[in-house]
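Subject: Structure handover

Hello,

The structure we discussed is below, with the sequence. My notes on what was found in it follow.

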Amino acid sequence: MFLFGIFSLTLVLVSQRPGVHAESSLSGKFQASGAKEQNGVQEPHHEKVITVSTNGSIHSPKFPYTYPRNIILVWRLVAVEENMLIQLTFDERFGLEDPEDDICKYDFVEVEEPSDGTVLGRWCGSATVPGKQISKGNQIRIRFVSDEYFPSEPGFYIHYTLLTTLHMESASPTVLPPSALPLELLNNAVAAFSTIEELIRYLEPERWQLDLEDLYKPTWHLLGKAYIHGRKSRVVDLNLLKEEVRMYSCTPRNFSVSVREELKRTDTIFWPLCLLVKRCGGNCGCCQHSCSECQCVPTKVTKKYHEVLQLKPRSGVRGLHKSLTDVPLDHHEECDCVCKGNTEG
């Protein structure tokens with residue numbers, strides 16, 4: 001009997017070990033986190049379809065408190081009638097994980113036009129509340145992503161309302177977007193910006209972060225010459241092209257040249273509008289030749305490629321096509337003073 005009592009007590013103590021209890025709790029936690037959310041779905045290739053017949057709302061889980069980590073929620077709102085549009089209005093209480101380098105990389109909410117896959121905007125942080133978004137047709141998609149680190153609060157809350165196409169046609173006209181300006185006026189406006197971030201924000205105020213990120217995203221096809229020769233960088237090179245340079249006497253020195261004029265491309269806008277190239281300049285006050293007049297000329301010329309932002313009107317479509325492109329410009333590597341009319345010295 002004594003031995004039986006000891007054996008029973010041992011079984012009770014083993015069943016109450018902390019390790020066994022923690023394992024059970026952890027298993028339950030994983031099962032709970034793997035379940036579908038009622039407020040959307042976690043699988044990135046699935047979406048919760050909401051039929052919209054009246055005004056409503058969607059929000060991040062646990063709003064206005066800290067949302068869960070490591071989730072993907074997708075909603076597709078579909079108006080019951082095809083001639084209806086859907087307007088999204090964000091609540092003033094908005095806060096997600098802050099961006100990195102002004103780009104929403106980790107936690108964000110984005111709105112997409114399902115008809116053509118266009119991302120209307122992506123937002124994070126808490127500095128500003130996203131503006132109103134209106135669908136092109138009777139559907140609109142919303143996607144919320146959070147990574148496994150640093151969740152924030154309060155998340156987001158979106159009110160959706162139905163609009164008729166007639167209401168949109170009778171609405172007062174808004175200010176023309178930059179892409180609708182005549183090319184020469186847009187060229188003058190572009191010249192006023194000192195960084196590519198400011199320029200893209202001006203051109204695409206709602207989705208500028210996505211455009212900026214896409215510009216520097218390597219593609220599968222042939223990369224530009226500037227990338228191959230190690231000149232590719234994210235933003236720094238484009239912004240540094242506007243720096244001041246020293247002046248020398250009859251030596252290769254930096255000159256600013258208009259890219260449009262150099263390439264004779266009046267149908268395209270480049271940013272920066274001007275680039276610094278090495279061109280022979282300065283006087284020939286110390287000319288060693290016995291002639292009445294000396295001039296500074298190049299004796300060695302090489303062609304170099306510069307990566308710039310190219311803006312071209314879309315054929316038959318409103319808006320601008322934006323891309324990074326390489327432009328070839330002549331650089332003077334060596335210069336010399338020669339008698340005027342004699343380029344060989």
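Leaving aside neighbours within four places in sequence, Leu77 is in contact with Ile50, Val52, Ile86, Leu88, Asn138, Gln139, Ile140, Ile142 and Tyr160. Please keep in mind that this is a predicted model.

Nonpolar cores

Leu77 is among the residues with the most contacts inside the largest nonpolar core, together with Leu88, Val109, Ile142 and Phe144. That core has 29 residues. Two or more residues each come from β1 (48–52), β3 (71–79), β4 (84–90), β5 (108–113), β6 (118–123), β8 (139–146) and β9 (157–164). Strand β3 gives the largest share, 5 residues. Another core, of 17 residues, lies apart from this one; Leu199, Leu203, Leu215 and Trp271 are among its members. As general background, nonpolar side chains in soluble globular proteins tend to be buried together.

Disulfides

A search of the whole structure gives 4 disulfides. Three of them are described here.

- Cys250 and Cys296: the sulfur atoms are 2.5 Å apart. The torsion about the S-S bond is about 100°, so this disulfide is right-handed. The pair links distant parts of the chain, 46 residues apart, with Cys250 in the loop between α8 (236–240) and β10 (251–258) and Cys296 in strand β13 (residues 294–313). Cys250 has a relative accessible area of 10% and is therefore buried, the cut-off being under 20%.

- Cys280 and Cys335: the S to S distance is 1.8 Å. The link is left-handed, with -90° about the S-S bond. Because Cys280 is in strand β12 (residues 274–281) and Cys335 in strand β14 (residues 320–339), the pair ties together parts that are 55 residues apart in sequence. Both cysteines of this pair, Cys280 and Cys335, are buried.

- Cys284 and Cys337: here the sulfur atoms are 2.1 Å apart. This link is left-handed, at -90° about the S-S bond. Cys284 sits in the loop between β12 and β13 and Cys337 in strand β14, so parts 53 residues apart in sequence are tied together. Cys284 counts as buried at 16% relative accessibility, and Cys337 is buried with a relative accessible area of 12%.

On another cysteine, Cys274 counts as partly exposed, at 37% relative accessibility.

Aromatic rings

The count comes to 7 aromatic pairs. In Phe63 and Tyr157 the ring centres are 5.3 Å apart and the planes are at 50°, so the pair is tilted. Phe63 lies in the loop between β2 (56–59) and β3, and Tyr157 in strand β9, so the pair ties together parts that are 94 residues apart in sequence. Phe63 is buried, with a relative accessible area of 13%, whereas Tyr157 is partly exposed, at 21%.

Phe144 and Phe156 have ring centres 5.2 Å apart and planes at 65°, so they make an edge-to-face pair. Phe144 is in strand β8 and Phe156 in the loop between β8 and β9, so the parts tied together are 12 residues apart in sequence. Both Phe144 and Phe156 are buried. These two rings also belong to one aromatic cluster with Tyr67 and Trp75.

What sits over the ring of Phe108? The charged end of Arg122 does, 4.0 Å from the ring centre.

Regards

How values were computed: Residues are numbered from 1 along each chain as its sequence is written. This is a predicted model: local features need pLDDT of at least 70, side-chain atom pairs count only at pLDDT 80 or more; totals for chains, interfaces and linings use all residues. Side-chain values use heavy atoms; hydrogens and water are left out. A nonpolar core is a set of buried Ala, Val, Leu, Ile, Met, Phe, Trp, Tyr and Cys residues joined through side-chain atoms within 4.5 Å. Buried means under 20% relative accessible area, exposed over 50%, partly exposed in between (1.4 Å probe, protein chains only). Helices (H or I, at least four residues) and strands (E, at least two) are DSSP runs, numbered from the N terminus. Contact means heavy atoms within 4.5 Å. A disulfide is a pair of cysteine sulfur atoms within 2.5 Å. Rings of Phe, Tyr and Trp (its six-membered ring) pair if their centres lie within 6.5 Å; planes under 30 degrees apart count as stacked, over 60 as edge-to-face and the rest as tilted. A charge sits over a ring if NZ of Lys or CZ of Arg is within 6 Å of the ring centre and within 35 degrees of the ring normal.
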